[in-house]
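Subject: Structure handover

Hello,

Please find the structure below, for your files. My notes on it follow.

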Amino acid sequence: MNSNDMMEKEEIYSKVLRAGRRTYFFDVRSTKAGDYYLTITESKKFTNDDGSYHYKKHKIYLYKEDFSEFNSILAEMTDYIISEKGDEVISERHQKDFKKEYDQTTDENVHAETPSAEKFTDIDFDDI
């Protein structure tokens, strides 16, 4: 049996979530005994200085005996985050007025904005 036949037997059902530079793969697979389990793979794209790119992948294997507790803790954690911070994304990159700074070597027609002193926040390090 070749590796393509094995892949077809192992992958039962799949979904993909693309989220910026990250892609999440949810795959139902089959054990040798014919039972099912879930793999969740995070794939993140990294670009090298020369323009080439590579991916880093991290995988979680989730078995049926852990589904209930996993779902419970995941729901608790996501509910906690939403109740504490709301569902709006809080990060500089996701702000409505965010402008990506470009390297002049990659695009000479686009110039990076220099942040003004007014955009910085005074920090009292005793508060940290």
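A residue is called buried under 20% relative accessible area, exposed over 50% and partly exposed in between, with a 1.4 Å probe and protein chains only. On that scale L17 is partly exposed, because its relative accessibility is 43%.

Before the rest, two notes on the source. This is a predicted model, in which local features need pLDDT of at least 70 and side-chain atom pairs count only at pLDDT 80 or more, while totals for chains, interfaces and linings use all residues. Residues are numbered from 1 along each chain as its sequence is written, and side-chain values use heavy atoms, with hydrogens and water left out.

Overall layout

The chain has two helices and four strands, in the sequence pattern α-β-β-β-β-α. Helices (H or I, at least four residues) and strands (E, at least two) are DSSP runs, numbered from the N terminus. Of the chain's 128 residues, 9% are buried. Among contacts (heavy atoms within 4.5 Å) with a separation of 6 or more, 10% join residues 24 or more positions apart.

The sheet

The four strands make an open sheet, ordered β1-β2-β3-β4, with antiparallel pairing; two strands pair if DSSP finds at least two bridges between them. β1 and β4 are the edge strands, each pairing on one side only. From one strand to the next the twist averages 20°. Helix α2 (residues 64-85) packs on the sheet and touches β3 and β4, its direction making about 100° with that of β4. For these angles, axes are lines fitted to C-alpha atoms, for helices over the stretch in contact, and angles run from 0 to 180 degrees between N-to-C directions.

Strands β3 (residues 36-47) and β4 (residues 53-63) are antiparallel and share 11 bridges. They form a hairpin with five residues between them, and G51 in the turn has a positive phi of about 95°. Across this pair, E42 stands opposite H58 and F46 stands opposite H54.

L17 belongs to strand β1 (residues 11-19). Beyond its neighbours within four places in sequence, L17 contacts R22, T23, Y24 and F26. L17 and E42 lie 25 residues apart in sequence, with 9.5 Å between their C-alpha atoms.

S43 is in strand β3. Is S43 buried or exposed? S43 is buried, because its relative accessible area is 5%. Residues up to four places away in sequence aside, S43 touches R21, R22, T23, F25, Y55, K56 and K57.

Aromatic rings and charges

There are three aromatic pairs in the structure. Rings of Phe, Tyr and Trp (its six-membered ring) pair if their centres lie within 6.5 Å; planes under 30 degrees apart count as stacked, over 60 as edge-to-face and the rest as tilted. One aromatic cluster is formed by Y37, Y61 and Y63.

A charge sits over a ring if NZ of Lys or CZ of Arg is within 6 Å of the ring centre and within 35 degrees of the ring normal. The charged end of R21 is over the ring of F46, at 5.3 Å from its centre. The charged end of K45 is over the ring of Y53, at 4.2 Å from its centre.

Regards
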